[in-house]
Amino acid sequence: MASLRNKFRLLRAARTAGLAGVIVLGACLGYGQTTNSCLDCHSAMPDPLGVTQEKFSQDIHAQKGLTCTSCHGGDASSYDPTVSMGAKAGFKGKIDRKQVPQLCAGCHSNPTYMKQYDPGLRTDQLDQYHTSVHGKRLAAGDSKVAVCVDCHSVHDIRPPSDPRSTVNPVNIATTCSRCHSDAAYMKPYGIPTDQFAKYNTSVHYQAMMVSGDLSAPTCTTCHGNHGAVPPGVDKVQNVCANCHVFQAQMYEKSSHKAAFDALGLPGCVVCHSNHGIHMPSDAMLGTGPQGVCMRCHQPGDRCDQARVKIQSGLMQLDGAITQADQTLSVAEASGMDVSEARLAQSQARDQLIKARVTIHTYQASLVDQDVQAGLKIAAKDEQAGKDAMVERNQRRIGLGICLIAIAIMLAGLWLFIRKIER
Amino acid sequence: MIAAILRWLDERLHLDDLIAPFRHKTVPVHRLTYWYFFGGITLFLFGVQVITGILLLLYYNAGANEAFESVQYIMTKVRYGWLIRSIHSWSANLMILTAFAHMFSVLFLKAYRKPRELTWVSGMLLLFLVMGFGFSGYLLPWNTLAFFATKVGTAMVGQVPIVGQPMMIFLRGGPQVTGATLIRFFGFHVAVLPGLVVVLISIHLFLVQRLGMSVPPKIEAEWVENPSARREMKFFPNFLLREMMAWYVAIGVLGALAAIFPWNLGVKADPFGSAPAGIKPEWYFLFMYQTLKVIPSKVWFVDGEVLGIVGCGLAGLLWLLLPFFDSEPPSRPKRWITGLAIFALMYVAGMSAYGFLAK
């Protein structure tokens, strides 16, 4: 029994010596810096308890002067675990997932406190979160749903403006996909998991990731961030209208609005889909695989006739602009200055874009007005290109005549020289 | 009628005395006589520049906000404006080309030797001024290429030790290339440089007239050996008529270039925009530009760019003073100068080609 007690004593002594070693090492490494016993020990620990100085120094909170104790409580100035992690020092230990939003809100929902760091920062995140599907499920006891740290990361939280942040616009879709593309994780909720894959094929993804337009839509643009919810069927056009203002205004006044509402169809999504929105093309008005009108309409009906008129008008304008471009390019290649017509071509293109937007009125006569205006400009530009080519030819004819005159002069001079030198 | 007017003038001004030297002036005739034409062609192209330049002045507006638009107006709206501007631009390039050809022909034919040292010096100064015309005129349409070429060119001047920075500020009219630079370059192009050129051309022509045409030493030796082989033609009218034929050819070439390849205007300069990729100076500065590019950024402890610019300046100065290293006509001409001339020609051609092909 005594030997057993001795063995325990030895083990305790070894543990104390080891801990003292870690503390001394930590103290040596931290000499000259503010004492942070938490990092001194936890930087030597494996995950999930490990937090290195390097990692924590990247955190916006650390940069603003907050420490581990700001969230976890305790006393970072003491290397005695019984003091630093003692109840007396208010040590909270690992924060329970359900408590995370409340903990973060302790500061982030306090306008007075947050003002000292960034007067422009919002402080309604917790209220927003309570309205979200994530917040509601968490309140109902589902701890699998996203809490603050799932999106913003933990111990290396960067501001959203930092390209390395998990909530920077270019990273948001990937961050959401960590859960929403995980079929096993999402199985209990019965919602699709292909949103990320579809988004990666979309025109919005192209704008964001290929063209580098950080204002292009990502998940949170349509679903919200802290108050993330799926837009309801009747709200879809409101979401799209945030950017596509004119299309939404036209749709609101159109015959499709009433029809879609009556059928319970989700507005814009009916033709454009949602996550995998591709660049719209005139083929959407056609009867081919990309065509969308004939999914509902019957061949030959009044709407189908309007569709044909709209599509042919757009194709005619598109063709006229391309033709004028080609003519102007040939003139330019001949060295002719057609910059004015080139400038006007952009107006013709604007008309084509306008006509494509006017489609959302679903009135062929209105689309035709824009098409005709564009055709007029394109015809003028085409004529400018042709005129430039006519002038080019006239210049060459003039050159030919001048060269003949010069040749005659040269011959005359040569004959004269020969005559006087004979 | 014309004869009557001439007689009337002669009675009062004694024009015959003035023309007399030209009547007596002769031009040696040998297998290399055609090189004598290049000076006259360069002078003719300068005349074209003066006439087309004056016509362009009728519509050109110097100013960062108006220059590009005024040239665009000349190219598209003014009757035959495209022809005048294209001829002005093409003629400028051809003039620099013929000036270079004239310089190298004088060098290879050893026409720079005593007593023609000052003719060479005035000719070299004219060549520098012609390049100055090219540099200042290039900016005037205020397009992107011109803007950045001027930015690079004037920055190079700024690299010259001690006087570089003040010179750059003087050229630019401030620390940056702005509308003030355009106004300044316009002034150089239409007032300062033409004035200097007219004075130097007068001196150059006076010296040519005074000293007569040089005969290459080799041909001179042949003629000394065989005096019956010596042949000459009268400058007026025989040589002048032949020169006129060359001028007609030059007009034909200019007209063809202007009609088939009208000079491009490009895109209006945007001082806040970034320089277009692969921007290069005009072909006649390309050999200097490429030389500066191939020099390492540091040569021993000297900045490579400074070394290149100072080196180019010294080379120019030595070139200007070249006749003074070879001025003993009775003795055998120094061969190393011919070797140097061949090297210079190959260097200029090689570096220009390298600069043209390099990315």
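**View 1. Helices α6 and α13 of chain B cross at roughly 145°, with axes that come within 9 Å.** Here α6 covers residues 117-139 and α13 covers residues 304-320. Axes are lines fitted to C-alpha atoms, for helices over the stretch in contact, with angles from 0 to 180 degrees between N-to-C directions. Helices are DSSP runs (H or I, at least four residues), numbered from the N terminus. This is a predicted model, where local features need pLDDT of at least 70 and side-chain atom pairs count only at pLDDT 80 or more, while totals for chains, interfaces and linings use all residues. Residues are numbered from 1 along each chain as written, chains are lettered from A in the order written, and side-chain values use heavy atoms, leaving out hydrogens and water.

**View 2. Here's who meets whom between α6(B) and α13(B).** B:Trp120, B:Val121, B:Met124, B:Leu125 and B:Phe128 sit on the α6(B) side, and B:Gly316, B:Trp319 and B:Leu320 on the α13(B) side; contact means heavy atoms within 4.5 Å.

**View 3. Chain A and chain B bury about 1,800 Å² between them.** That's accessible area (1.4 Å probe) lost on putting the two together, summed over both. Carbon and sulfur atoms account for 69% of it. A:Asp337, A:Arg395 and A:Leu413 supply 27% of what chain A buries against chain B, more than any other three residues. The contact takes 19 residues from chain A and 21 from chain B.

**View 4. A salt bridge joins the side chains of A:Glu340 and B:Lys77 (3.2 Å, N to O).** The term means a side-chain nitrogen of Lys or Arg within 4 Å of a carboxyl oxygen of Asp or Glu. Between chains A and B, the count is two salt bridges.

Note on methods: Helices (H or I, at least four residues) and strands (E, at least two) are DSSP runs, numbered from the N terminus.
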